[in-house]
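Biologist: Hey, I'm new to this one. Could you walk me through it?

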Amino acid sequence: MKQRIIDHPVLGKIEERKLITFRFNNKQYRGFEQESIAAALLANGVRTLRHHEENGTPRGIYCNIGHCYECRVAVNGIQGVRACLTPLQEDMVIESGGRLPTTVRDWRSEDE
């Protein structure tokens with residue numbers, strides 16, 4: 001949690017909260033209970049949360065308010081959970097899942 005702002009020049013100092021452990025892609029991290037998964041991962045230096053379904057490019061947090069779905073992860077085996085809206089809980093197992101399978105097909109001809 002080296003990258004967490006704990007005393008913001010405008011917002012002030014953050015309140016003390018319970019520190020808990022969780023796992024992301026088989027690595028253990030620590031975060032504050034009930035903060036968003038996205039905030040906990042960002043505070044731990046994690047920027048890539050998943051990879052694009054079609055081209056495999058890395059995806060992270062974009063809107064951080066639940067509209068864009070870029071922060072989808074698997075939480076305790078449930079796929080497609082938005083990290084920006086989901087509160088962190090003790091011993092959560094979070095996985096990026098890597099490149100997800102898709103039924104999207106490029107219908108352009110190979111001659112183009």
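Predicted model: local features only at pLDDT ≥ 70, side-chain atom pairs only at ≥ 80, totals over all residues.

Biologist: Got it. What's in the hairpin of β3 and β4, between the strands?

Modeller: There are 2 residues between the strands, and in that hairpin Asn25 takes a positive phi near 50 degrees. Asn26 is found in the loop between β3 and β4 too, and its phi is also positive, at about 65 degrees, although Asn26 is not a glycine.

Biologist: Why bring up glycine?

Modeller: Because most residues other than glycine have a negative phi.

Biologist: Okay. Is Asn26 buried or exposed?

Modeller: Asn26 is exposed, with a relative accessible area of 64%. The cut-off for exposed is over 50%.

Biologist: And how do β3 and β4 pair?

Modeller: In the antiparallel sense, over 6 bridges, with β3 covering residues 19-24. If you want a spot to look at, Ile20 stands opposite Gly31 in β4.

Biologist: What does β8 pair with, then?

Modeller: With β7, residues 72-75, in the antiparallel sense over 3 bridges. There, Val75 stands opposite Ile78 in β8.

Biologist: What holds paired strands together in general?

Modeller: Strands of a sheet pair through backbone hydrogen bonds, either parallel or antiparallel.

Biologist: Switching topic: where is Asn64?

Modeller: Asn64 sits in the loop between β6 (58-59) and β7. Its phi is near 60 degrees, a positive value in a residue other than glycine.

Biologist: And how accessible is Asn64?

Modeller: Asn64 counts as partly exposed, at 39% relative accessibility.

Biologist: What about His67, where does that one go?

Modeller: His67 is also in the loop between β6 and β7. At 62% relative accessibility, His67 counts as exposed.

Biologist: How far apart are His67 and Arg82?

Modeller: In sequence, His67 and Arg82 are 15 residues apart, and in space they are 9.5 Å apart, C-alpha to C-alpha.

Methods
Residues numbered from 1 in each chain as written. Heavy atoms only, no water. Pairing = 2+ DSSP bridges. Helix = DSSP H or I, 4+ residues; strand = E, 2+ residues; numbered from the N terminus. Buried < 20%, exposed > 50% of the residue type's maximum accessible area, 1.4 Å probe, protein only.
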